[in-house]
Amino acid sequence: MIKVAVICKSIYDSSLIKETLARYDIKYDSSLNISCFDSNGRLLREYSKFNRFDLIFICIGSFDSASDISGIELAGKIRNCYLDETAELVFISDTEVKAVDTIKLKPFDYLISPLTCLLYTSPSPRDVEESR
């Protein structure tokens, strides 16, 4: 089973990622377990040594709440506090400017929002296998 976490500011982007992954799961019978979170902080509270994710879609910015952390801070905690180097991180942002800030966190990919490109593409099994 592949555990996937999706954290997006946009409900549209979150739904689009989840639907794309669900289509992939049905097509390739890949046993995806997809969890959606409404903030970076919520995922961090649920993340632990025993509750990790294989693939994480992370919105780079922080959410509206003043108490929420940014996606870059979340990824840093996953890599540095939980010492999880195996989770594949996919950053989502409405600008390419912050992409440089994510390099040290070894991202798998970087997507620009809105994610309309997902309407026309579907990952191949090779893409997922190569990321493992």
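I begin with strand S3, residues 55–59, which is mostly covered, with five of its five residues buried. Buried here means under 20% relative accessible area, exposed means over 50%, and partly exposed lies in between, with a 1.4 Å probe and protein chains only. Strands (E, at least two residues) and helices (H or I, at least four) are DSSP runs, numbered from the N terminus.

Please note that this is a predicted model, in which local features need pLDDT of at least 70 and side-chain atom pairs count only at pLDDT 80 or more, while totals for chains, interfaces and linings use all residues. Residues are numbered from 1 along each chain as its sequence is written, and side-chain values use heavy atoms, with hydrogens and water left out.

Which way do the side chains of S3 point? Leu55, Phe57 and Cys59 point one way, Ile56 and Ile58 point the other way, and all are buried. S3 has a partner in strand S1, residues 2–7, with which S3 pairs in the parallel sense over four bridges; two strands pair if DSSP finds at least two bridges between them. In this pairing, Val6 stands opposite Phe57. Strand S4, residues 88–93, also runs parallel to S3, and five bridges join the two. The bridge partner of Ile58 in S4 is Phe91.

Let me set this in the whole chain. The protein has five helices and five strands, and along the sequence they follow the pattern β-α-β-α-β-α-β-α-β-α. Of its 132 residues, 44% count as buried.

I turn now to the interior. A nonpolar core is a set of buried Ala, Val, Leu, Ile, Met, Phe, Trp, Tyr and Cys residues joined through side-chain atoms within 4.5 Å. The largest such core holds 20 residues, of which Leu43, Ile56, Ile58, Leu74, Leu89 and Phe91 touch the most other members. S1, helix H2 (40–46), S3, helix H3 (71–80) and S4 each supply at least two residues of this core, and H3 gives the most, with four. Apart from this core lies another, of 14 residues, among them Val6, Leu32, Val90 and Ile92.

Leaving aside neighbours within four places in sequence, Leu74 is in contact (heavy atoms within 4.5 Å) with Ile7, Asn40, Leu43, Leu44, Ile58 and Ile69.

Two loop residues call for attention. Asp29 has a positive phi of about 45 degrees although it is not a glycine; Asp29 lies in the loop between helix H1 (11–28) and strand S2 (32–37). Is Asp29 buried or exposed? Asp29 is exposed, with a relative accessible area of 65%. Leu83, also not a glycine, has a positive phi of about 50 degrees. Leu83 lies in the loop between H3 and S4 and is exposed, with a relative accessible area of 65%.

I close at the second largest pocket, which is lined by 13 residues, with Lys9, Cys59, Ile92, Ser93 and Asp94 nearest its centre. A pocket is an open set of points on a 1 Å grid over the protein atoms alone where a 1.4 Å probe fits, with protein on both sides within 12 Å along at least five of seven lines; lining residues have an atom within 4 Å of a point.
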